[in-house]
Amino acid sequence: MKRLVIMTVGKTHSGKTTFAYALEKQLSNSIVIDQDNHAEFLNTIYKKLQRDEGPNILKHALSKLIVDYAKAHTDYHFIICNSNRSINGREYLLQEVYPPTAFVRILVHFNLSDEVLHSRIKHSARSTAIFRGPITNFEELLIKQNLESLKEEIVDPSENEADYLFVINEDKDIDLAIQSIIHIAQTSL
C-alpha cells in the first residue's frame with residue numbers, strides 16, 4: 001500500500017497550516033510535519049544552538065529525524081506543511097524522501113494575492129518565536145519571500161512534479177481540495 005504525502009507550497013499566511021491541520025482531522029491515519037513547530041521548539045529550548053543566519057541546519061536535522069522515524073515506524077500519511085517554494089527542494093523531497101515507489105505525491109499550491117497576505121499578517125496573532133536572525137516578523141518574511149520570487153529556483157509547482165496538484169486561489173478552494181485528497185486516499189488503498 002502506498003501512503004500519501006501532501007506537500008503545501010506557498011508564502012507566509014497563505015493558509016498552509018490551517019489547511020494541514022484541517023486535512024489531518026479528516027484524513028485518517030495522517031500526521032502533520034510542520035517545520036514552524038520545530039523552529040519554535042528549537043528557538044525556545046535550544047536557542048544557544050541556533051545560528052543567527054544561513055541555513056537552519058538544526059531545524060532541518062530535527063525535521064529529518066521526525067520524518068525518518070515516522071516513515072520507519074508508522075504507516076501514516078504525511079502532510080508536509082512548509083513553504084516548499086524552491087523547485088529543487090520539492091524535487092529532492094518528492095523523489096528522494098517521499099519516492100514515487102512508496103508514496104502518492106500531492107502538491108497543494110496556495111496562490112493567494114499579496115493583498116490578502118498583508119491583510120492576514122496585519123490581523124495575525126501567530127507567534128513570532130519561529131524567527132531567528134535578521135527577520136523578526138511575518139511582514140519582513142513576506143518581503144523576503146517576494147524578493148526570493150525573483151530567483152530562478154523559486155517557481156510555482158507544475159502538474160508534472162507530483163501525481164496530483166491542487167491550486168488554492170481563494171478560501172473556497174480548500175474544502176474541495178480536502179475532499180479530493182480524502183477520495184485519493186480511499187482509492188489508493
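## Handedness first

A crossing is called left-handed if the near helix is turned anticlockwise from the far one by less than a right angle, and right-handed if clockwise. By that rule, H2 and H3 cross right-handed, and H5 passes H6 in a right-handed crossing too.

## What you're looking at

This is a predicted model, where local features need pLDDT of at least 70 and side-chain atom pairs count only at pLDDT 80 or more, while totals for chains, interfaces and linings use all residues. Residues are numbered from 1 along each chain as its sequence is written, and side-chain values use heavy atoms, leaving out hydrogens and water.

## H2 against H3

Helix H2 covers residues 35–45 and helix H3 covers residues 57–73; their axes sit 9 Å apart at an angle of about 125°. H2 and H3 are therefore oblique to each other (angles under 35 degrees count as roughly parallel, over 145 as roughly antiparallel, 65 to 115 as roughly perpendicular, the rest as oblique).

On the H2 side, Gln35, His38, Ala39, Phe41 and Leu42 meet Leu58, Lys59, His60, Leu62, Ser63 and Ile66 of H3 (contact means heavy atoms within 4.5 Å). Sorted by class, that makes 6 nonpolar, 4 polar and 1 charged residues.

## H5 against H6

H5 (residues 114–122) and H6 (residues 138–148) have axes that come within 9 Å and cross at roughly 160°. That makes H5 roughly antiparallel to H6.

Asp114, Leu117, His118 and Ile121 of H5 make the contact with Phe138, Glu139, Leu142 and Asn146 of H6. The tally for H5 with H6 is 4 nonpolar, 2 polar and 2 charged residues.

Note on methods:
Axes are lines fitted to C-alpha atoms, for helices over the stretch in contact, and angles run from 0 to 180 degrees between N-to-C directions. Helices (H or I, at least four residues) and strands (E, at least two) are DSSP runs, numbered from the N terminus. Ala, Val, Leu, Ile, Met, Phe, Trp, Tyr, Cys and Pro count as nonpolar, Asp, Glu, Lys and Arg as charged, and the others, Gly among them, as polar.
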